[in-house]
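I opened this model to look up its sheets, the helices on them and its pockets. My entries follow in the order I made them.

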Amino acid sequence: MKAQTVELKKSAGRVLCCSIFRSGGKKLLAKGHVLSEEDVRLLETEGMDRVWVTELEEGEVGEDLAVQTVAAEMGCGCLDIRLAAGGRANLVANEDCCVLVDDDLLKQINCTSTIVIATSVNFSYAPAGQRIATVKSAPFAVAQSQLDAVISILKERGPILQARPMRSPAVAVLYSDPVDGDRARQLFENIVRQRLERFGVRPAYALSAVEEEGAVSKALQHLLKARPTVILAASTTAPAGPEDVLGRAMLRVGCHLERFLAPVEPGNLFLLGYRDDTPIVSAPGCFRSAKPNVVDLVLPPMLARYRVSGWEVACLGHGGLLA
């Protein structure tokens, strides 16, 4: 790539080296813009006769084409790609969604000197219209061989980012207390509603039960018949492990216990089980306060019907200190 000043009439198809402004300060054309015949006519009306441009050399790709090519390959799901000034492409959610990120692949791509990518945090919620990633290239031009290497990695490893839509999720809540399940409901119902409203949903089903294995398992059976997206177990007690009442009740209804303990504070005493594809989440203490805790970290992927594994819960430790 070489920079030079050329006559305006000969500048079509070349790349601007610097932004062009009107005398009043309004930007006409951004740095990195590829000049068209229409741009040339516009600049002539502004009284210009020469411009500072670069010219792509053999084996080079313009920055806009480079970032657009990477953006098209790096993401999938409910997203749109929007070019921005300065060799940048933004990925924007077109539905309410959960953002899933392959962190290892993201680091590998960002170790190149050609393209850098910034994304939202893995498992984060994004409403429709929110930017969830941006791709930026080196100024003006990228070597075709370097771009090909990035695309080859993405084709081999798959997308870095998935915008997984949250379409009509149904949340069920089980309130339990050793003496009176309605007491737990009175204590936690408002907090549960506030927490779910952060993700644009409301409880679809709710039951109260005395915290005894038979009563809790019966309530879980009733909620499972409704086929909810996720079941939240809001208990006034803190389990010592999956062998306590809730864990035994989950096993009794046919759950696979996926994980006990999360490297997240608040929310260490987290218990996750699955009955078929329905997650059941217990996080004692997390329903007493609307402050961020482990439930806020795992709810978005579950509402998007993504199966969160025990390994992924273990990976929440980096950044898991929430308060």
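**Entry 1**

I began with strand 8 and strand 9 (residues 88–93), which pair in the antiparallel sense over six bridges. Two strands count as paired if DSSP finds at least two bridges between them. Helices (H or I, at least four residues) and strands (E, at least two) are DSSP runs, numbered from the N terminus. I noted that the model is predicted, so local features need pLDDT of at least 70 and side-chain atom pairs count only at pLDDT 80 or more, while totals for chains, interfaces and linings use all residues. Residues are numbered from 1 along each chain as its sequence is written, and side-chain values use heavy atoms, with hydrogens and water left out.

The whole sheet is open, has four strands in the order 8-9-13-11, and its pairing is antiparallel. Strand 8 (79–84) and strand 11 (115–119) are at the edges with a single partner strand each, so one side of each is left without a neighbour in the sheet. From one strand to the next the twist averages 20°.

I then checked what packs here. Helix 2 (residues 63–74) lies across strand 8, strand 9, strand 11 and strand 13 (131–137), and runs at about 140° to strand 13. Such angles run from 0 to 180 degrees between N-to-C directions, with axes as lines fitted to C-alpha atoms, for helices over the stretch in contact.

**Entry 1: S137**

Is S137 buried or exposed? S137 is in strand 13, and it counts as buried because its relative accessibility is 6%. The cut-offs are under 20% relative accessible area for buried and over 50% for exposed, with partly exposed in between (1.4 Å probe, protein chains only). Leaving out residues up to four places away in sequence, S137 touches E63, V67, G87, T114, I115 and V142. Contact means heavy atoms within 4.5 Å.

I moved to an open sheet of six strands in the order 17-16-18-21-20-19, with mixed pairing. Its edges are strand 17 (203–210) and strand 19 (256–260), each with a single partner strand, so one side of each is left without a neighbour in the sheet. Strand 20 and strand 21 run antiparallel and are joined by five bridges. I found P279 in strand 21 as the bridge partner of Y274. Helix 6 packs on the sheet, touching strand 16 (171–177), strand 17, strand 18 (230–235), strand 20 and strand 21, and its direction makes about 165° with that of strand 17. Helix 8 lies across strand 16, strand 18, strand 20 and strand 21, at about 155° to strand 18.

**Entry 2: the pockets**

A pocket is an open set of points on a 1 Å grid over the protein atoms alone, where a 1.4 Å probe fits, with protein on both sides within 12 Å along at least five of seven lines; lining residues have an atom within 4 Å of a point. The largest pocket holds about 880 Å³. Its lining has 31 residues, and V101, V121, N122, F123 and C315 lie nearest its centre. Which helix gives the largest share of this lining? Helix 3 does, with four residues.

The second largest pocket has a volume of about 350 Å³. Of its 16 lining residues, P228, R275, D276, D277 and T278 are the closest to its centre. Helix 6 gives the largest share of this lining, three residues.

Terms used:
Points joined across faces, edges and corners; volume = space filled by probe spheres on them.
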